[in-house]
Amino acid sequence: MKVMHINWFPGHMAKAHRMISAQLKLVDVVIELLDARIPVSSANPLIDTIVASKPRIVVLNKADLAEQEWTDRWIAKFKAQGRPAIAIETLSGAGIKLLISRTEEAAREKMALRTAKGINPRAIRAMILGIPNVGKSSLINRLLGTATVRTGDKPGVTRGQQWIKVGNNLELLDTPGVLWPKLEDQEVAFKLAITSAISDDAFDLEDVVSRLLLLLQQNYPERLAERFKLDNPLPEDPAVVMGLIGERRGCLRGGGQIDMQRVRRILLSEFRDGKMGRFTLDYPTTT
Ligand SMILES: Nc1nc2c(ncn2[C@@H]2O[C@H](COP(=O)(O)OP(=O)(O)OP(=O)(O)O)[C@@H](O)[C@H]2O)c(=O)[nH]1
Ligand SMILES: [Mg+2]
């Protein structure tokens, strides 16, 4: 297989990075949104330096797309590290109430200190940070109960920062998704690409889908067989599998040839939408 090279750090992200640092002094709590499917690969290594000593909660979003058992293990792992973590499903609303109470808890000490100093009470200010497309803006809309901020199923939707008031006691800062300047680990880059954190323009579809198909053939052959009505065991040659999927889905070009590019897009989008089931791609180590 060809060596992949994926890197995506457009100018707006560098700018967003600076804006986030500048806003931080106004913030009581940082909500770090991770993708429940890839809790390691979706963690921005720059975040520790940005956030420094602010109270921080880890939130695994899109839990509906991840395998429940692994999500539970991740929550336990974070807890063992002394980092409060919860899993949420922004689309259905599962876990949202818990998120609000955890945010209040994380800000309690600071708020009590302000009261003790005789400073007027104000709403808690929380900043939502996370990689592109992880669901930051959707979470704000879910908390508001209205589609106030723009969301979309592609990375790079939010460009500016915006404070949004939720009820009387909470203000949230939506931020643009930020990756890091160099994606050194191409395994991480691959996982970011297949979970739609990296713009489809920034990687080669053929490279990424070949790798995805290999992963599915090796680890989840029964899901592939079921989704595309193929016989299990599958043929070993990925090109043959692609051809069969193309036939099943009628991806034909003139002359009866299979349109492989269409097959690739189908595989990627059905994987992303959870049509082949729930996937966890990062596993907690036992250490
Ligand atoms: N399945 C699933 N999809 C979700 C969930 N939360 C958000 N999404 C979808 O993820 C996509 C991205 O959501 P956004 O809220 O725009 O993501 P963002 O983090 O604000 O992205 P940027 O502004 O580009 O950084 C949208 O298509 C949402 O519908 C979730 O819990 N489960
Ligand atoms: Mg957004």
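In this predicted model, D28 and K110 form a salt bridge whose closest N and O atoms are 2.8 Å apart. Because D28 lies in the loop between α1 (11-23) and β1 (29-35) while K110 belongs to helix α4 (residues 96-116), the pair ties together parts that are 82 residues apart in sequence. The two partners are placed as follows: D28, at 1% relative accessibility, counts as buried, whereas K110, at 31%, counts as partly exposed.

**Salt bridges**

- Salt bridges that share partners join E32, D48, R56 and R83 into one network.
- As a general point, side chains of opposite charge can pair when their charged atoms come close.

**Magnesium site**

- The magnesium ion (ligand 2) is coordinated by the OG atom of S137 and the OG1 atom of T158, at 1.9 to 2.2 Å.
- These two residues link distant parts of the chain, S137 being in helix α5 (residues 136-144) and T158 in the loop between α5 and β5 (162-166), 21 residues apart.
- Both coordinating residues, S137 and T158, are buried.

**Strand β6 and its partners**

- Four of the five residues of strand β6 (residues 170-174) are buried, so the strand is largely enclosed by the rest of the structure.
- Strand β4 (residues 124-130) runs parallel to β6 and is joined to it by four bridges, with R125 standing opposite E171 of β6.
- β5 pairs with β6 in the antiparallel sense over five bridges, and here the bridge partner of K165 is again E171.
- The side chains of E171 and K165 also meet in a salt bridge, at 4.0 Å from N to O, so that this pair is connected through both strand pairing and side-chain contact, a link for which the cut-off is 4 Å.
- E171 counts as partly exposed at 22% relative accessibility, and K165 likewise counts as partly exposed, at 46%.
- The hairpin of β5 and β6 has three residues between the strands, and within it G167 takes a positive phi near 65 degrees.

**Backbone geometry**

- Most residues other than glycine have a negative phi, and most peptide bonds are trans, which is the background for the residues listed next.
- A52, which is not a glycine, has a positive phi near 50 degrees; A52 is found in the loop between α2 (47-51) and β2 (56-61) and, at 56% relative accessibility, counts as exposed.
- K229 has a positive phi of about 50 degrees although it is not a glycine, and this residue, placed in the loop between α8 and α9, counts as exposed at 64% relative accessibility.
- A cis peptide bond, with omega about 5 degrees, joins N232 and P233, and P233 has its place in the loop between α8 (221-228) and α9 (238-248).

Conventions. Residues numbered from 1 in each chain as written. Chains lettered and ligands numbered in written order. Predicted model: local features only at pLDDT ≥ 70, side-chain atom pairs only at ≥ 80, totals over all residues. Heavy atoms only, no water. Donors = N, O, S within 2.8 Å, 3.2 Å for Na, K, Ca; no water. Buried < 20%, exposed > 50% of the residue type's maximum accessible area, 1.4 Å probe, protein only. Pairing = 2+ DSSP bridges.
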